[in-house]
Amino acid sequence: MSRSSITVRLMATAMAAGALALPGVLSADHHASNGATMTKTAEAFPLIPREALFGNPTRAQGRISPDGKYLSWLAPKDGVLNIWMAPRDNPDAGKAMTSATDRPIRQHFWSPDSKSLLYIQDKGGDENFLLYSINVETGEETTLTPFENTRVDIIGGSETIRDKVLIGLNNRDPQFHDAYLLDLNSGELELVYENNSYAGFMADDTLTLRMAMRQNEAGGTDYFRVNENTVEEAPFETTAMEDSLTTSPAGYTTDGSTLYWLDSRGRNTAALFAQDTATGNKTLIAQDDKADIGGTIRDPKTGVVEAYSVNYLKNEWTAIDPDIKASLDWLGERLEGEFGVSSRTDDDSTWIVWNDPLTVPSGSYIYDRTEQTLTPFYVTRPELEGAPLQPMHPVEITSRDGLTLPSYLTLPPGSDEDASGRPESAVPMVLLVHGGPWARDDYGFSSGVQWLANRGYAVLQVNFRGSTGFGKDFLNAGNKQWGLKMHDDLIDATDWAIAEGITTEDQVAIMGGSYGGYATLAGLTFTPEKFACGVDIVGPSNLETLLATIPPYWAPLVKIFHERMGDPNTEEGLALLKAASPLYKADQITKPLLILQGANDPRVKQSESDQIVGAMKESGVPVTYVLFPDEGHGFAKPVNNIAYTAATEAFLSTCLGGRAEPIGDTIRSSTAQVPEGAEHVEGLQEAIGE
């Protein structure tokens, strides 16, 4: 919702995002009473097909060209998500602009001059994203960054220079991104700065480098001015480690006179400041006591902040500009649930507005601000209309040492007839742990949450210490607490759910991806009797080897991992990492475990799953292992996503007694391999033909 759609879509790096966060999952104890409880509630409601939740959306990611002439979106072509386009005045005349046949296109955006559609794509989940362009008039597609083993970053786009962007390329040195000026129409690349030191750059509207960023020895960040492509020796701003994930520059105004900051220095939550670039003076624009300032809406022409958001339990927008306030208020009167602006024209007369009502399918609208009309654009998953989608209940849970854990509870259909946010009787529960860990769970529609609830499980999502968005004190309370207090928070939340009558002691599964996968392994090793079973999706098992195999482009940021997890180069840090690694306690696992892994994962290597599977086999502990040879850190292809959910719900049904749609041919239709333990999940061995 900020000024440059290109910068917003691609500028996120490991510096600003949760390092292990996901892109966008034995011999079992059979709990007969669990199945009986579930039958009385969820089974009275339709089973939502996996295809409706995890298959291709009908349409997604609606955009409008900056000149307002065209609409674009993602939709299937021959079963694979591609980019489609239609004239603004004839949305039904859509045509496919790309021809991806294997891996779905998941991010697209418009060039500032409206002459081309742009998208990024990797190979098999390796996260080496390249930049591609489609000429709107001719349909010709061009690879703008035609390099191998290269990851493109967008440094900056411009309001006044419409046919060029600044990008970063690490094709010379995989650790560092050199800055290039890219002509979006000719594809010409001009080297601006050869980088051998810095983690990232920021440019102004003239596409001139203005700032370089580098991690300092304390684990914080130093910010250096750049003059005529020369980086000054001394930083003009610096952060300590405690502020490194809650303080960052947020972009310049078009005239370059103001630099916005999200800044937690000298305070707890990150506030929004405007810094005069000439004097260095900062002016406070917005702050909140409970949560960091999140997104902003900025004027398409001037880049001046017009509104800002705060996301504590729900995301709430506050407008500074009176015209923006009038528009947001007008939309709020007509749309149920949460909404936001995903795309805007240059003249700001037309917005593409997404809307998430939560219990009905989400959709997008075309909002004409001049005519005050709101025209439906599409419903993302119309097949979910009439499905028993469940409300999400924000809750605050208190940890054993007094921290407030902002959390979300979703209940199975039919279990909460008085809409109190508590089931009439206890139901099986899945503790669903987010990735990162420097990320967070949010309020809103989630296919995964709705799927689990529909199968008869309460779903509890906990923002444990170390999660982002709730101030630096909450974030830093998780430093070097992997498997310790971060795990205690998950146990405390589970105990809260048991005490509230939501579930019972023998009915809780733990599940998650990335860091959530690690939490699953920690749950079954460090507290082996707490959970009935676990589902680990691309989770690390050995923190020492995890840090030794990080992607090369994360190397300039490695200090933050050492300071927040443990430094393997010190005796104390290495001992901490080993003590927090589930691999060394694999023989303690007594409950069923399902592990799912992408073979091309650059963040959590396949070896992380191979190691613990091997250790469990050595100890004679049953495990089920599902491997996807053409996926990375999460599963992008719908057939693989459906296969993962089919195996998972069969596993959970075997363990907890919930409902499961038959596996059918989902595994054979995917690329999934089951190298270990198919016999431990009901129906899985038959599904793979063994």
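Strands are DSSP runs of E of at least two residues, numbered from the N terminus. Thr98 falls in the loop that runs between strand 4 (95–96) and strand 5 (108–110). The model is predicted.

**Disulfide**

- Searching the whole structure turns up 1 disulfide.
- The bond is between Cys533 and Cys655, with an S to S distance of 2.5 Å.
- Cys533 belongs to strand 34 (residues 533–537) and Cys655 to helix 13 (residues 638–656), so the bond ties together parts that are 122 residues apart in sequence.
- The disulfide is left-handed, because the torsion about the S-S bond of Cys533 and Cys655 is about -105°.

**Burial of the two cysteines**

- Cys533 has 0% relative accessibility and therefore counts as buried.
- Cys655 is also buried, at a relative accessible area of 1%.
- The cut-off applied to these residues is under 20% relative accessible area.

**Thr98**

- Although Thr98 sits in a loop, this residue is buried, with a relative accessible area of 2%.
- The side chain of Thr98 makes a polar contact of 2.7 Å with the side chain of Asn82.
- A polar atom of the Thr98 side chain also lies 2.9 Å from the backbone nitrogen of Ile83.
- Apart from neighbours within four places in sequence, Thr98 is in contact with Asn82 and Ile83, and also with Lys77, Ile105, Tyr119, Ile134 and Glu141.

Methods
Residues numbered from 1 in each chain as written. Predicted model: local features only at pLDDT ≥ 70, side-chain atom pairs only at ≥ 80, totals over all residues. Heavy atoms only, no water. Disulfide = S-S within 2.5 Å. Helix = DSSP H or I, 4+ residues; strand = E, 2+ residues; numbered from the N terminus. Buried < 20%, exposed > 50% of the residue type's maximum accessible area, 1.4 Å probe, protein only. Polar contact = N/O pair within 3.5 Å; in protein donor to acceptor, adjacent residues only side chain to side chain. Contact = heavy atoms within 4.5 Å.
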